[in-house]
Amino acid sequence: MPGDEGPSATSPTSPTPLARAEQFIWLTARVLEQRRFAFHFLGGDADAVDTALGSYLNGDGGYGHALDPDLRGPLSQPLHTAHALRVLDSLGRCGGQRIERLCLHLTRVSTPEGALPVTVPAPRCYPAAPYHPVHDDPPGELLTTGPVVGVLHRNRVWHAWLFRATDFCWDRVENLRHAHPYELQGAVAFLDGAPDRARAAAAADRLGRLVRERGLAVLDPGRCEEYPLAPGCAPGERLFPYDYARRPESLARGWFTEEEVRRSLDFLAAEQQPDGGWPVRRRAWAPGSSLERRPIATLEALLTLRAYGRLPAQVSRPGPGRPR
């Protein structure tokens, strides 16, 4: 697939997809996403990303302040933790005292079984997306726990919190029978970082068969409407092969044929909008959340396309660019 020309190919005189996305980022993104774009595509400094991420860090060791745009308000929430760890992982900075403090925070907010809920109860009801309801006694979820545990294992972090959380993830992953697509994403994030690679590969093989049998990934983008919508999803909110296998080395890559991956990447490239950004398929519920989500979706699309050889590996120029 490296070197494939998808539908987003442009003439020599027209702006490249990356240049169009850069303009969109400078026009719309938060400082964090601007710094991340500069780091990944313009040779920017990792320290700048780290500093921007630090503005979301709370005194309890967790992250808040709508780092994940679907949960508003200042409180530390597990979804924010998962988001922060993805950023730190991309910088190669998942270690040290910051991660020790974060794991202590995770210990405090975990359920009795050692897992992370999607949201933790709070004394004040800050706005949240309707698909992330706040419960008084929330259950542990693979959706949240899997990505956190997977990133920590991949970075060789060892903390007492991880033992029970890892056991929770294995139990959920190996007993999934009627999974939601987003829960399966959490499973993949866990399996891609799990230390027991043979066990992870066996679990991933079973989940891949489940995805195909249940139609949980759109294998032919030209026939999207024939694939079922998962409960709670908005019209058009379906997952594609690249949503599960964000990088070609993911265990989920083996779920799909070369042709299925190629078609999905063609579709992803063609999804770039006239303003340079990528759309958000999930249900819109608040203007601020939707505005902040699109630059995140754009970064994810760009990183996925580059991982599969659809964008240049080198940066476009040294240093962060200026808005034009």
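Tutor: Helices (H or I, at least four residues) and strands (E, at least two) are DSSP runs, numbered from the N terminus. This is a predicted model, where local features need pLDDT of at least 70, side-chain atom pairs count only at pLDDT 80 or more, and totals for chains, interfaces and linings use all residues. Residues are numbered from 1 along each chain as its sequence is written, and side-chain values use heavy atoms, with hydrogens and water left out.

Student: Which residues of H9 are buried?

Tutor: Ala200, Ala203, Ala204, Leu207, Gly208, Leu210 and Val211. Buried means under 20% relative accessible area, exposed over 50%, partly exposed in between (1.4 Å probe, protein chains only). Seen down the axis of H9, these buried residues fall within an arc of 160°, so they line one face of the helix. The arc is taken over the directions from the helix axis to the C-beta atoms.

Student: What is on the face turned away from that buried side?

Tutor: The exposed residues Ala198, Ala202 and Glu213.

Student: What covers the buried residues of H9?

Tutor: The cover includes helix H7 (160-174), helix H8 (181-193) and helix H10 (241-244), with contact meaning heavy atoms within 4.5 Å.

Student: Switching to rings. How many aromatic pairs are there?

Tutor: A search of the whole structure finds seven. Rings of Phe, Tyr and Trp (its six-membered ring) pair if their centres lie within 6.5 Å; planes under 30 degrees apart count as stacked, over 60 as edge-to-face and the rest as tilted. Phe37 and Phe41 have centres 5.2 Å apart and planes at 35°, so that pair is tilted.

Student: Where do Phe37 and Phe41 sit in helix H2?

Tutor: They are four residues apart in H2 (residues 31-41), so about one helical turn separates them. Phe37 is buried at 0% relative accessibility, and Phe41 is buried at 1%.

Student: What about Phe240 and Tyr242?

Tutor: Phe240 and Tyr242 are stacked, 5.6 Å centre to centre with 0° between the planes. Phe240 is buried, with a relative accessible area of 2%, and Tyr242 is buried, also with 2%. Ring pairs link Phe240, Tyr242 and Phe267 into a cluster.
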